[in-house]
Amino acid sequence: MMRAAVITRVLRMAPDMVTLYFEDEECSKASPGQYAMIWIPGGEEIPMSLSTINPGGESSLTVRDVGEATKTLCDMKEGDKVGVRGPFGRGYTVSGDSPLLVAGGTGVASLAPLAEAFVERGVKPTFILGAKTESDLAFRDRLENLLGDSVVLATDDGSCGFEGFSSQCAVKLMDEGSPDIIYTCGPELMMVSVFDEAESRGIPVQASLERYIKCAHGLCGSCAIGPYRVCMDGPVFDSEKLREVREDFGSRKMDPTGKIVGVDH
Amino acid sequence: MSQLSLSVDIAGLRLRNPTMNAAGVLGISASLLKRVYEGGAGAVVTKSLGPAPRSGHFNPTMVIVEGGVLNAMGLPNPGAEYFVSAIKALRAEGVPVVASFFGASIEDFRDVAELLSEAGADALEVNVSCPNVQEELGMLGADCLNTEKVTAAVKEVSKPPVFVKLSPNVTDIAEIAKAAEMGGADAITAVNTLKGMAIDADFKRPILTNVTGGLSGPALKSVALRCVWDIVQAVDLPVVGCGGVANWRDAVEFMLAGASAVEVGTAIRERGFGVYKEITTGIEGYLEANGFGSIKDIVGLAQEAA
Ligand SMILES: Cc1cc2nc3c(=O)[nH]c(=O)nc-3n(C[C@H](O)[C@H](O)[C@H](O)COP(=O)(O)OP(=O)(O)OC[C@H]3O[C@@H](n4cnc5c(N)ncnc54)[C@H](O)[C@@H]3O)c2cc1C
Ligand SMILES: Cc1cc2nc3c(=O)[nH]c(=O)nc-3n(C[C@H](O)[C@H](O)[C@H](O)COP(=O)(O)O)c2cc1C
Ligand code: FES
């Protein structure tokens, strides 16, 4: 069922990124890695990870402006309303004693609640927070308050922390530290390289994938990757499934007509 | 081991069991269709394919409503020509493929049918019943003359059996079924979704971008069952039942009304890909418990009782 949610506050994260807070009972019970379908009345409905999950409290979306619907969301003000369906999909499975979380860009949205779930279990994960440049690093305070110096910053341009992609930073930490599991969300090409490097070291991975979501109920097939539906079998996939879809992962996806096109970021 | 036979023959299409996915449910991806087959379906049905690629409607395209699901996908598909390789790949793996398709004109229907027939599809399902696209694209099947003409044009160029899929959004579905029979249809699929809509009280506007959509799932079942019933009385063709089938009992009810097989769509949401196996196993148990030897023995039994 569709519900209306009122935006209770708006936080600007980066020049082109905002976090919208709202209250919704069902989203407050979601698990990290799940997403909701967010409807802009009179406009589109798009999938968004839940970037805050607070049982009984507020939830949030962290949106990067990349097109019409996300631009409208980025311009929203306190008091505006959106439609919400969900939460949907399979999120992350919390496991391991020394997890490494690798976020690129808006990938932090789904990984921040996972970091909190680990801390609640008494495990402090290492968190690579990567972005193009320093001003794009979202939720830096939230994560540093939670994890202290276990947050490793990385920027493509070297303006802050490690200079290079999150995936390159991850390789360094795979070798220097000893992560027993890796969670990743961000640009697909970044996630593929994290996956391949982890595979060669025998480290299990959970990655959150994106495909074109229409129904979100596992019926239309629009979000297919191999024999799986990102909307319902995912969005989080483990190493076993990632191996099965490795030919498509980082390489091929369906466009909204069902034609296979390349994955370019 | 029992001597039961679960196989069926629908106008020459031989299936290991009487279950298929409903058109448009997962059928846009060959890998998902393969998973449907591995989930136990007797054959798979493609997304309705048209003469050219379509993106379909903008989201929201689906919303859960009382007793079912309302969708207005708007026939997204990569085009029939593009999908030929997927059909061939599935068949090469031993998966029987029913190719569903539509057109904007009688010529389109004929051209697409020819293409899919040559691609080797095991059967064709003519979608003249989509409620979610403009009149000329979707609902040619609301009219007897058009239904007959489209069917005849498709039959002219098709090698495999032709199923004509009908809409419940008509005054008398039996009349339309007769028109399809006149046009040379080999079987009837009944039914497509029932036209409906959803309005959000908070936003005070229709939820679906297309405003109206098609209802599927449990709420459609009794309507679909009545449609099958009426069609079976009107024509001398095998019927494939579709609409709200979620378990073996539903499937058996459709067979008692006269359906030779069933298509299952919306139930995948809750039952998963194993729904086909579940239904088949359930039908087997029913046949055995009631002393029947094959599906044929129960097709139309309830008609005799009425
Ligand atoms: C499970 C999931 C979680 C996501 N979480 C976030 C998040 O937390 N923050 C965030 O900023 N973005 C997230 N996205 C991506 C976000 O949905 C797209 O950026 C958004 O849909 C773009 O819409 P648009 O109208 O602004 O842009 P458009 O111009 O319409 O599209 C830009 C690109 O976005 C993608 N896109 C468009 N519509 C969809 C759709 N219905 N489903 C999937 N991809 C689409 C396509 O690749 C397209 O090329 C997530 C996507 C998925 C699948
Ligand atoms: C997401 C979705 C997409 C559909 N697409 C098509 C289609 O392309 N062609 C068609 O003939 N029917 C289409 N249908 C209708 C189904 O094939 C079926 O007739 C209807 O859903 C009733 O069956 P069910 O209750 O088992 O889902 C679609 C239904 C759904 C839910
Ligand atoms: S979006 Fe429809 S099956 Fe996933």
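Mentor: Happy to. Domain bounds here come from an automatic or database domain assignment. For chain A, that assignment gives domain 1 as residues 3-88 and domain 2 as residues 99-262. Please keep in mind that this is a predicted model.

Let us start with the overall layout. The C-alpha centres of domain 1 and domain 2 of chain A are 20 Å apart, and the contact draws on 23 residues from domain 1 of chain A and 22 residues from domain 2 of chain A. The size of an interface is often given as the accessible area lost when the parts come together. Between domain 1 and domain 2 of chain A, about 1700 Å² is buried, with carbon and sulfur atoms giving 62% of that area. On the domain 1 side, A:Met13, A:Pro32 and A:Tyr35 lose the most area to domain 2 of chain A, and together they make up 25% of what that side buries.

Now for the polar side of the story.

Which strands supply the domain 1 side? At least two residues each come from strands E1 (3-14), E2 (17-23), E3 (35-39), E4 (45-49), E5 (58-64) and E6 (81-88) of chain A. Sorted by type, the residues of domain 1 of chain A that touch domain 2 of chain A are twelve nonpolar, six polar and five charged.

Terms used. Residues are numbered from 1 along each chain as its sequence is written. Chains are lettered from A and ligands numbered from 1 in the order in which they are written. This is a predicted model: local features need pLDDT of at least 70, side-chain atom pairs count only at pLDDT 80 or more; totals for chains, interfaces and linings use all residues. Side-chain values use heavy atoms; hydrogens and water are left out. Contact means heavy atoms within 4.5 Å. Buried area is the accessible area (1.4 Å probe) that two parts lose on being put together, summed over both. Helices (H or I, at least four residues) and strands (E, at least two) are DSSP runs, numbered from the N terminus. Ala, Val, Leu, Ile, Met, Phe, Trp, Tyr, Cys and Pro count as nonpolar, Asp, Glu, Lys and Arg as charged, and the others, Gly among them, as polar.
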